[in-house]
Amino acid sequence: MATLVLKNATVLVDGLDMSGDCNECTVTYSAEMLDATTFGGNTRKRKGGLTTVNLSLKGFLEFGDGAPDPALFASMGATAIVTVSADSAPSIAGIENAFAFKCARASINYGGPVGTLLPFTATFEGAGTV
Amino acid sequence: MAAQGLVRVTTLRSFLSVASAAASCGVGTAYDLNPASSALTVYGGLHLVSCAAIAWTFKIQSASSSGFGTPSDRLTFSAQSCSGAQWATPIAMPAAPAEARWWRVSANPATTSDTRLGMVWVGVQ
């Protein structure tokens with residue numbers, strides 16, 4: 001499959017379509033690196049531990065019914081189902097181009113420099129094995 | 001693969017725009033996921049982003065061929081009328097993965113004139 005220009009990503013947080021509010025979306029999937037180094041070697045030895053999932057969204061904030069702010073503010077800390085897709089269209093030829101996970105709403109940051117469109121940053125962290 | 005915290009998924013049906021919502025009733029396009037083995041878990045998710053009084057029931061079905069002559073209901077979501085999301089209880093891939101090669105969404109509103117916005121996905125890992 002060819003490389004993809006990221007311009008039509010889909011971001012769904014429970015019943016909220018945030019695709020039109022976000023201009024940046026990052027999913028981080030990682031394993032904790034555990035130090036298994038012992039005497040006798042010259043190099044750190046690591047083993048993969050528990051995995052973690054994080055989602056960071058950035059965009060322009062809007063207030064009012066149907067906008068992200070009321071929903072994200074009211075449910076801080078609550079669990080959610082999040083699906084992010086690299087493309088707004090349905091799957092082409094059954095290719096996996098999206099990720100989904102259960103998460104907890106971790107944070108939302110409001111505000112930015114004078115003269116800019118009011119930005120927000122929202123983060124979500126994995127809520128365990130799905 | 002042991003269950004993890006993140007699932008790679010395939011969008012089976014995306015009806016997030018008003019233009020596509022009217023076509024969301026009935027069965028959707030079939031996709032060939034061609035599972036490599038039976039030692040896999042099947043996940044399914046539903047997002048509805050619009051709300052109305054009429055409840056919809058979504059199912060994820062599979063079949064051995066794209067014609068879906070004998071569809072099997074694999075994942076069923078609870079009837080839902082308001083916006084929100086559901087994560088279906090994961091199931092094991094059928095013992096004969098060829099029986100579950102093609103996958104699609106079946107959407108059934110209580111009233112066929114209703115339209116809804118949302119997305120349904122399936123993940124196999």
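Two strands count as paired when DSSP finds at least two bridges between them. The model shown in these views is predicted.

**View 1. Strand β6 of chain A pairs with β1(B) across the two chains.** Strand β6 of chain A covers residues 98-110. Its link to β1(B) consists of 3 bridges. The two strands run antiparallel. Which residue of β1(B) is the bridge partner of A98(A)? The partner is V9(B).

**View 2. Chain B meets chain A.** On the chain B side, 27 residues are in contact with chain A. On the chain A side, 30 residues take part. Together the chains bury an area of about 2,500 Å². Carbon and sulfur atoms give 62% of that area. How many salt bridges are counted between chain B and chain A? The count is 0. Polar contacts are present: 8 residue pairs, with both residues at pLDDT 80 or more.

**View 3. Five strands of chain B each give two or more residues to the side that touches chain A: β1 (7-15), β3 (31-32), β4 (41-48), β7 (84-87) and β10 (118-124).** The largest share comes from β1(B), with 6 residues. Sorted by class, this side of chain B has 16 nonpolar residues. Another 9 are polar, and 2 are charged.

**View 4. A salt bridge joins R105(A) to D14(A).** Their closest N and O atoms are 3.2 Å apart. R105(A) lies in strand β6 of chain A, and D14(A) lies in the loop between β1 (10-13) and β2 (16-17) of chain A, so the pair ties together parts that are 91 residues apart in sequence. Over all chains, the whole structure has 6 salt bridges.

View 5. For chain B overall, the mean pLDDT is 86. In that chain, 91% of residues reach 70 or more. The model as a whole scores ipTM 0.89 and pTM 0.90.

How values were computed
Residues numbered from 1 in each chain as written. Chains lettered and ligands numbered in written order. Predicted model: local features only at pLDDT ≥ 70, side-chain atom pairs only at ≥ 80, totals over all residues. Heavy atoms only, no water. Contact = heavy atoms within 4.5 Å. Buried area = accessible area lost by both parts, 1.4 Å probe. Salt bridge = Lys/Arg side-chain N within 4 Å of Asp/Glu carboxyl O. Polar contact = N/O pair within 3.5 Å; in protein donor to acceptor, adjacent residues only side chain to side chain. Helix = DSSP H or I, 4+ residues; strand = E, 2+ residues; numbered from the N terminus. Nonpolar A, V, L, I, M, F, W, Y, C, P; charged D, E, K, R; others polar. pLDDT = per-residue confidence, 0-100.
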